Amino acid sequence: MILDCAIIGGGPAGLTAGLYTTRGGLENVTMFERGMPGGQITQSSEIENYPGVTGEITGMELMIPWPAQCQKFGLKHDMVEVTRVTKEDNIFKIYKADDTISEAYSVIIGTGSSPRRAGFVGEDQYFGRGVSTCATCDGFFYKGKEVAVVGGGDTALEEALYLAKICKKVYLIHRRDSFRASPNTVARVKRTENIELILNAIPQEVYGDNMGVNGLKVTMQDGEIRDIVVPGVFTFVGNNVNNQTLIQEDGSFLCNMTKSGEVIVDISMKTSIAGLFATGDMRIAAPKQVVSAAGDGAVAALQAIAYVDELLNA
Ligand SMILES: Cc1cc2nc3c(=O)[nH]c(=O)nc-3n(C[C@H](O)[C@H](O)[C@H](O)COP(=O)(O)OP(=O)(O)OC[C@H]3O[C@@H](n4cnc5c(N)ncnc54)[C@H](O)[C@@H]3O)c2cc1C
């Protein structure tokens, strides 16, 4: 059987695509998710910015009802890792780690992205409990407090500027004496009074207790250890887009990508390949939020329904 739509990834983007495709009339839709559905937000100990959800809620609690809601309308879940997606003669082939292949008329991919780790001691231990990779998600928890930002690229500096509006003070820690970010952004950072630059400094260890982070130790160029006493440490040292399934046998990508590996889409989540839609954190200019990933999933689903309808009834 050829699926009407194959959804790859079961985070907020994939699950919402599953809800809208099935409820919108596509009959054979399978979501391929290698683990439990829910996506990376399930690692978060608190989410405060999903509209309409006002109580204290963890990322896991937010996501628990999503799969059941989709299954009610007929979405099937295949718990398997997808290894490659190809397209030939209007049919997509979905290669899977269990050595089976599924076929589909359309594909909605939402395999997310993973922020790189900076590599200091305690980073994993305190991730989600004081160490964060998302100022939009977690900045508000430090309103009126001091925080540290680690990184020297555009994202690190933009996020430092964002945090400077909420927090009392931002320590911007960078291992070199100059930034990779655009000159305009660097100038804005230098003009911002509550950002202190700590340059030629390598973060060594984040420390804390059961309640969370208490500070970050950094080694300065002269070997001195500086103790930065902050409850929050934000790291922005790059992002890996989970785009491996789009890599073809010859090493090229199935569709057009940016240099940093994000999928290029238009505002309908259409990629350069007809019938292939990309959503959530993996697409170009993604806000990397649950609400926007879910929105992408809905947009892509509506497009996939129209695409399959035209393909099969033309
Ligand atoms: C600690 C933390 C806190 C956060 N806090 C907030 C917050 O407060 N507010 C907010 O809006 N956002 C927050 N975010 C960001 C938010 O989680 C993401 O923007 C959102 O989850 C992106 O959704 P997605 O569906 O694009 O991708 P993901 O959530 O990453 O889901 C992708 C899914 O695809 C699956 N997958 C990947 N590759 C394959 C494959 N080859 N085969 C099969 N399955 C595959 C993965 O297992 C995963 O389940 C936070 C993120 C983290 C990590």
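Guide: Start with Thr 30, whose bridge partner in strand 3 is Lys 76. The model is a predicted one. Strand 3 covers residues 76–78, and three bridges join strand 2 to strand 3, the two running parallel. Thr 30 belongs to strand 2, residues 29–32, where Thr 30 and Phe 32 point one way while Val 29 and Met 31 point the other. All four of these residues are buried.

Strand 2 also pairs with strand 1, residues 2–8, in the parallel sense and over four bridges. One detail of that pairing is that Cys 5 has Val 29 of strand 2 as its bridge partner.

Two packed helices are described by the angle between their axes and the distance between the axes. Helix 1 and helix 7, residues 290–313, pack at an angle of about 35 degrees, and their axes are 7 Å apart. The crossing of the two helices is right-handed. On the helix 1 side, the residues that meet helix 7 are Pro 12, Ala 13, Thr 16, Ala 17, Tyr 20 and Thr 21. The residues of helix 7 that they meet include Ala 294, Gly 297, Ala 301 and Ile 305. An α-helix has 3.6 residues a turn, so residues three or four places apart point the same way.

Two loop residues come next. Gly 110 is in the loop between strand 6 (101–109) and strand 7 (113–115). Its relative accessible area is 13%, so Gly 110 is buried. Leaving aside neighbours within four places in sequence, Gly 110 is in contact with Ile 8, Gly 9, Thr 279 and Met 282. Gly 110 and Gly 39 are 71 residues apart in sequence, and their C-alpha atoms are 9.7 Å apart in space. Met 282 is also touched by Asn 243, along with Phe 253, Met 257 and Gly 261, again not counting residues up to four places away in sequence. Asn 243 is found in the loop between strand 16 (239–241) and strand 17 (276–278). With 10% relative accessibility, Asn 243 counts as buried.

Elsewhere there is an open sheet of five strands, in the order 8-15-9-10-11, with parallel pairing. Its edge strands are strand 8 (131–132) and strand 11, each pairing on one side only. Strand 8 pairs with strand 15 over two bridges, and Ser 132 has Phe 234 of strand 15 as its bridge partner. Strand 15 is joined to strand 9 by four bridges, and Val 147 has Gly 232 as its partner there. Strand 15 is covered on both faces, with Gly 232 and Phe 234 buried on one side and Val 233 and Thr 235 buried on the other. Strand 10 is joined to strand 11 by four bridges, and Tyr 171 is partnered by Glu 196 of strand 11.

Helix 5 packs against this region. Its buried residues, among them Leu 157, Leu 161 and Ala 164, pack against elements including strands 9, 10, 11 and 15. They also pack against helix 4 (135–138) and helix 6 (183–191). Helix 5 has 13 residues, 154–166, which at 1.5 Å a residue should span 18 Å; the end C-alpha atoms are 19 Å apart, in agreement.

How values were computed:
Residues are numbered from 1 along each chain as its sequence is written. This is a predicted model: local features need pLDDT of at least 70, side-chain atom pairs count only at pLDDT 80 or more; totals for chains, interfaces and linings use all residues. Side-chain values use heavy atoms; hydrogens and water are left out. The expected span of a helix is 1.5 Å times one less than its number of residues. Buried means under 20% relative accessible area, exposed over 50%, partly exposed in between (1.4 Å probe, protein chains only). Contact means heavy atoms within 4.5 Å. Two strands pair if DSSP finds at least two bridges between them. Axes are lines fitted to C-alpha atoms, for helices over the stretch in contact, and angles run from 0 to 180 degrees between N-to-C directions. A crossing is left-handed if the near helix is turned anticlockwise from the far one by less than a right angle, and right-handed if clockwise.
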